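Here are my notes on the model, point by point. Please read them with the structure open.

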Amino acid sequence: MKSLMDDLPKDAHDTYAQRKLTMNWSRYFPRQKSCPPVIYLDFWPLVSQPFIYATSPEACFQLTQQTAQPRHSMFSWAIFPVTGGKDLISMDMPTHRIWRSRLNPGFSLKNLLSQTPVLIEEVGTFVQQLREQAGTDGNFGDIFHLFDRTVALTFDIITRVSLDLQIKEQTQGPTPILKALQALIRCVNAPNIWSKLERWAPSYRRDVARNSKILRDSLLSQIKSHLQPDASSEKTVIDLAVKEYKNEYGDENRQPSPDFIDRVISQLKLFMFAGHDTTAQAICWALYEITKSPEVLRRIRAEHDQVLGPDVKLAAHVLSTEPRKLNSLRYTTAVIKESLRLHPLGSTHRRGSRGFSFVCDGTNYPTDGAIIWTSPTAIHLRADLWPRAMEFLPERFLVAEGHPLRPVKNAWRPFELGNTRCIGEELAMIEMKLVLALTMRELDFHFDWEGWNALQGRTTPPDSVDGEHIYRVGGGIGFVKDKLPTRVKLR
């Protein structure tokens with residue numbers, strides 16, 4: 001393991017070690033003729049169970065799609081301080097299927113497109129704040145942290161889409177609800193002897209109880225308002241979940257039980273937790289990769305001219321009145337997919353068992369007693385699966401079947417695949433398309449790590465990963481190095 005961390009900055013996210021394992025597989029597995037489809041790792045005494053990395057599309061397919069294995073409890077234990085343990089990730093599979101069917105309508109493409117004007121309103125606030133950061137006379141403005149802005153944007157969006165709750169984090173933040181959520185997120189840790197002991201500490205329990213109450217009180221009042229007979233909204237995730245609940249009982253007048261309300265609150269906290277940091281990072285990485293590639297920037301602007309019309313100022317109106325035009329942004333979608341290939345943020349932990357083994361190229365790989373971990377970061381950069389793997393090539397997702405660049409089936413999995421794939425995938429894709437559609441032709445971005453280092457008085461050589469001074473840092477989902485120092489100017 002030490003060799004995997006060599007040459008990486010101390011603050012680098014652990015996914016960089018994972019990808020080194022598969023990118024340099026011949027060094028670690030010299031007797032193999034190709035990258036192993038699964039890799040066994042023992043982290044004892046840090047973790048009591050061995051890990052198995054599923055590093056091939058076929059192995060991941062067997063694990064999550066062909067014979068989907070149950071989630072491992074380590075993640076539900078980790079997020080318990082945030083959700084209280086009644087969320088989609090923590091449920092057993094029969095209960096998960098019931099709640100997934102209740103929540104799917106709210107996250108369907110059809111429903112989300114119907115809420116495009118709401119999304120554009122929030123993205124419009126984001127764009128206006130970027131305009132205000134621009135310099136005068138066509139110059140770049142002062143440095144600001146783009147990641148903070150995208151976090152506020154995605155938090156405003158997930159609360160509106162899920163519950164029609166206008167937090168106004170972008171204009172009035174930091175708000176109590178986001179501060180409470182972030183305090184709980186800091187309590188999310190993988191189970192080990194230290195984190196288990198920490199959860200018994202009185203101060204820890206007081207902090208979790210206090211911040212959980214802030215979230216519950218904020219959400220409960222909004223939920224109750226939506227249960228009133230004269231409630232106007234019928235398109236939020238929770239509105240449609242309540243509708244599905246009543247349909248199950250064949251009684252449109254049935255009032256949800258206290259347990260139902262508790263589970264709704266747990267889902268909302270999960271959506272806020274998982275739906276803001278991840279998408280906020282994804283937006284940052286997409287803008288970063290586009291800005292590094294002049295040809296990609298030229299092509300994406302040309303597509304926006306063609307699909308949305310040459311008048312940049314009318315783009316928001318066009319998309320509000322014709323939201324399905326988002327589906328016509330094929331190159332923009334390919335750009336987002338390629339950015340997510342290079343910077344995937346999701347993964348899944350499954351429980352190994354005596355009854356499940358991987359079967360790859362005629363070899364059985366047992367899983368009993370292990371934690372199985374899919375690693376999209378490792379799969380997405382395997383040179384045998386992705387020609388020119390380290391290059392940013394959106395064309396991969398546009399070429400025809402049989403083309404060498406065409407992605408291998410099941411190899412692209414930033415939202416994971418199978419019956420527990422990310423429920424917010426469509427929302428995240430729409431958010432990213434809208435941000436690109438409303439910024440690319442109006443603003444130029446400069447990601448100024450040099451300027452930020454100078455402002456901080458740093459004199460030592462800057463850290464880097466693969467020559468990039470902007471990289472993913474921290475634990476858990478992590479965040480972009482230095483929250484992505486940025487300057488913008490108007491075009």
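1. The largest nonpolar core has 125 residues. A nonpolar core here is a set of buried Ala, Val, Leu, Ile, Met, Phe, Trp, Tyr and Cys residues joined through side-chain atoms within 4.5 Å. L146, L181, F271 and F358 have the most contacts inside this core. Helix α15 supplies the largest share of the core, with 17 residues. In soluble globular proteins, nonpolar side chains tend to be buried together.

2. A word on the basis of these notes. This is a predicted model, in which local features need pLDDT of at least 70 and side-chain atom pairs count only at pLDDT 80 or more, while totals for chains, interfaces and linings use all residues. Residues are numbered from 1 along each chain as its sequence is written, and side-chain values use heavy atoms, with hydrogens and water left out.

3. Look at F271 next. Which residues does F271 contact, leaving aside neighbours within four places in sequence? They are L88, L103, F107, I158, S162, V237, H276 and I423. Contact means heavy atoms within 4.5 Å.

4. Another core lies apart from the largest one. This other core has 17 residues, among them A17, F43, W373 and Y471.

5. Helix α11 covers residues 176-185. Helices (H or I, at least four residues) and strands (E, at least two) are DSSP runs, numbered from the N terminus. Of the 10 residues of α11, 7 are buried, so the helix is largely enclosed by the rest of the structure. Buried means under 20% relative accessible area, exposed over 50%, and partly exposed in between (1.4 Å probe, protein chains only). The buried residues of α11 are I177, L178, A180, L181, A183, L184 and I185. They pack against α5 (73-83), α9 (146-163), α10 (169-172), α13 (202-226) and α15 (258-292).

6. Now strand β11, residues 485-490. Strand β3 (residues 144-145) runs antiparallel to β11, and 2 bridges join them. Two strands pair if DSSP finds at least two bridges between them. In this pairing, H145 stands opposite P485. Strand β8 (residues 443-447) is also antiparallel to β11, with 5 bridges. There D444 faces K489 as its opposite residue in β11.

7. A salt bridge is a side-chain nitrogen of Lys or Arg within 4 Å of a carboxyl oxygen of Asp or Glu. D444 is in strand β8 and R301 in helix α16 (residues 294-308), so the pair ties together parts 143 residues apart in sequence. R301 is buried, at 13% relative accessibility.

8. By this rule the count comes to 30 salt bridges. E391 and R388 form one of them, at 2.9 Å from N to O. Are these two side chains buried or partly exposed? E391 is partly exposed at 35% relative accessibility, and R388 is partly exposed at 49%.

9. D482 and R458 form a further salt bridge, with the closest N and O atoms 3.0 Å apart. D482 lies in the loop between β10 (479-480) and β11, and R458 in the loop between α21 (449-455) and β9 (472-473), so the pair ties together parts that are 24 residues apart in sequence. R458 is partly exposed, at 38% relative accessible area. Elsewhere, salt bridges that share partners join K86, R216, D259, D262 and R263 into one network.

10. Turn to the aromatic rings. The whole structure holds 16 aromatic pairs. Rings of Phe, Tyr and Trp (its six-membered ring) pair if their centres lie within 6.5 Å; planes under 30 degrees apart count as stacked, over 60 as edge-to-face and the rest as tilted. F43 and F51 are edge-to-face, at 5.3 Å centre to centre and 80° between the planes. Both are buried. F445 and F447 are stacked, at 6.0 Å and 20°. F445 and F447 are buried too. F43, F51, Y53 and W373 form one aromatic cluster.

11. Last, the cysteines. How many disulfides does a search of the whole structure find? It finds 0. A disulfide is a pair of cysteine sulfur atoms within 2.5 Å. For C422, the nearest cysteine sulfur is that of C60, 16 Å away. C422 is partly exposed at 37% relative accessibility, whereas C187 is buried at 11%.
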